[in-house]
Amino acid sequence: MQDKDSGTWSSLWINGRLATMRPGGAPYGAIEDGGALGVVGGRLAWVGPMADLPDAPERLAGEVHDLGGRWVTPGLIDCHTHLVYAGDRAREFEMRLQGASYEEIARAGGGIRSTVSATRAAGEAELLAVTERRLRALLAEGATVVEIKSGYGLDLATERKMLRVARALPAIHPVTIRTTFLGAHALPPEFEGRPDDYIDAVANEMLPAIAAEGLADAVDAFCERIGFTAEQTRRVFAAAQRLGLPVKLHAEQLSDMGGAALAAEFRALSADHLEYLSAEGVAAMARAGTVAVLLPGAFYFLRETRLPPVDALRQAGVPIAIATDSNPGTSPTTSLLLMLNMACTFFRLTPEEALAGATRSAARALGLEDSHGTLETGKAADFAIWDIDHPAELAYRIGGNPCAGVVKAGAPVIGPEAKAGGATPAARAGSVSRTGAAPEA
């Protein structure tokens, strides 16, 4: 695939080692001997060994970038976050260490409700500023796609405010954002004792208004003993279905509520958490093609002991994604790389499975499998460049950040050291243009 007007690619990246993450074939879909990536119009026009290039690099592209033997992966995808919120819950962390359970804290008015109070009180500019700080940490580790849920407003005005903040981020930062309406996250205090009335408001008032404004790409709910029943969740999903919005579900985190099977019934993009997932739930997800999103940060932070049924998911062919679940109460992390390590150490995923979980399977969990998640011709030219000797290092190391650069839609973007006066990712990767000058980031 070449630029029809000029007969060349806009840019060509050479001398890399590519972890394409295409399934089948070599581990990690690797092209280790001088891999190359051609880019046109923000998409990958060519992926393969340099030896197979149809012409000399300088005749194929307006800009040629030398990767210097570094590894390249698809841009990482964080497919489950709650990045937009105000306040923190450090005091609740202390309470749990003193013996209080997550459920006890929630029932006493803490938990999600405390974040709701802070988020309702925050102005839109304040929310945007704190969210940007969290987002920058993800981007510095190679993320190019991030999902952001609402759910800390629990009234229409604040849910809209949260989703507007999330929608504003791509105009400020080089990232693709997918937004999810999570109105059915918890019962707000003004509906105390009236959960069915609140679900009516979510399904019949809030969701149609959010959909009409184009603020959400999907709809989620928290199906749990301290959340909403399967039947209440069904009403939210039916409303989403009528509006043409796909669904996702927080399911089987603290107990088996049959949420995963319900999600599969609505052909959900994903069911997330899944520590208490049953064999019936696994089978239903496999039939529906629903992705299992595992959230090791929450597992760790809540000191959970029940493991999600990874072997059963593997055997059933259910795709497994990994995400941060970045939120103030149960997973206050902004490191997707740390989640890869935790997925391996806690859940016994292989490093290749973990990386697939933050690329290929994560893209599928957001309905983006046709455009993101692997290095393949026709997909978005989103990729991360790494100072590592092998892709397994991305899951192996605890702490540190080996990301040497990020390319978004074919353009080099500022990397983690640039704000402190370091070089751009392209320069650190040894990038050169045909004229010998470093391209602008």
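Helix H8 (residues 230-242) has a face turned away from its buried side, and that face carries the exposed residues Gln241 and Arg242. The model described here is predicted.

**Helix H8**

- The buried residues of H8 are Gln232, Thr233, Val236, Phe237, Ala239 and Ala240.
- Viewed down the axis of H8, these buried residues fall within an arc of 155°, so they line one face of the helix.
- An α-helix has 3.6 residues a turn, so residues three or four places apart point the same way.
- The cover over the buried residues of H8 includes strand S8 (176-184), helix H7 (195-212), strand S9 (218-223), strand S10 (248-251) and helix H9 (259-265).
- The 13 residues of H8 should span 18 Å at 1.5 Å a residue, and this agrees with its end C-alpha atoms, which are 18 Å apart.
- Just after H8, glycine 244 adopts a positive phi of about 75°.

**Aromatic pairs and a charge over a ring**

- The structure holds 10 aromatic pairs.
- In one of these, the ring centres of tryptophan 13 and phenylalanine 383 are 5.4 Å apart and the planes lie at 85°; the pair is therefore edge-to-face, as planes over 60 degrees apart count as such.
- This pair links distant parts of the chain, since tryptophan 13 belongs to strand S1 (residues 9-19) and phenylalanine 383 to strand S14 (residues 383-386), 370 residues apart.
- Both tryptophan 13 and phenylalanine 383 are buried.
- Phenylalanine 299 and phenylalanine 347 form another edge-to-face pair, with 5.1 Å from centre to centre and 80° between the planes.
- Phenylalanine 299 lies in helix H11 (residues 296-301) and phenylalanine 347 in helix H13 (residues 336-347), so their pair ties together parts that are 48 residues apart in sequence.
- Phenylalanine 299 is buried at a relative accessible area of 6%, and phenylalanine 347 is buried at 5%.
- Ring pairs join Phe299, Tyr300, Phe346 and Phe347 into a cluster.
- Arginine 134 is placed over the face of tyrosine 85, at 3.5 Å from the ring centre.

**Nonpolar cores**

- The largest nonpolar core has 99 residues, of which Val146, Phe181, Leu340 and Trp386 touch the most other members.
- Beyond its neighbours within four places in sequence, phenylalanine 181 has contacts that include Leu163, Val202, Met206, Leu207, Ile210 and Val219, as well as Ser150, Glu159 and Asp220.
- Apart from the largest core lies another core of 15 residues, among them Ile31, Leu37, Val47 and Leu375.

**Leucine 12 in strand S1**

- Leucine 12 is found in strand S1 and is buried, with a relative accessible area of 0%.
- Leucine 12 and glycine 38 are 26 residues apart in sequence, yet their C-alpha atoms are 4.4 Å apart in space.
- Not counting residues up to four places away in sequence, leucine 12 touches residues including Ala36, Leu37, Gly38, Leu53, Pro57 and Leu60.

- Most residues other than glycine have a negative phi.
- Asparagine 15 has a positive phi, near 60°; its place is in strand S1, and at 28% relative accessibility it counts as partly exposed.
- Leucine 154 also has a positive phi, near 60°, and is found in the loop between strand S7 (143-149) and helix H6 (156-168).
- At 2% relative accessibility, leucine 154 counts as buried.

Notes: Residues are numbered from 1 along each chain as its sequence is written. This is a predicted model: local features need pLDDT of at least 70, side-chain atom pairs count only at pLDDT 80 or more; totals for chains, interfaces and linings use all residues. Side-chain values use heavy atoms; hydrogens and water are left out. Rings of Phe, Tyr and Trp (its six-membered ring) pair if their centres lie within 6.5 Å; planes under 30 degrees apart count as stacked, over 60 as edge-to-face and the rest as tilted. Helices (H or I, at least four residues) and strands (E, at least two) are DSSP runs, numbered from the N terminus. Buried means under 20% relative accessible area, exposed over 50%, partly exposed in between (1.4 Å probe, protein chains only). A charge sits over a ring if NZ of Lys or CZ of Arg is within 6 Å of the ring centre and within 35 degrees of the ring normal. The expected span of a helix is 1.5 Å times one less than its number of residues. The arc is that of the directions from the helix axis to the C-beta atoms. Contact means heavy atoms within 4.5 Å. A nonpolar core is a set of buried Ala, Val, Leu, Ile, Met, Phe, Trp, Tyr and Cys residues joined through side-chain atoms within 4.5 Å.
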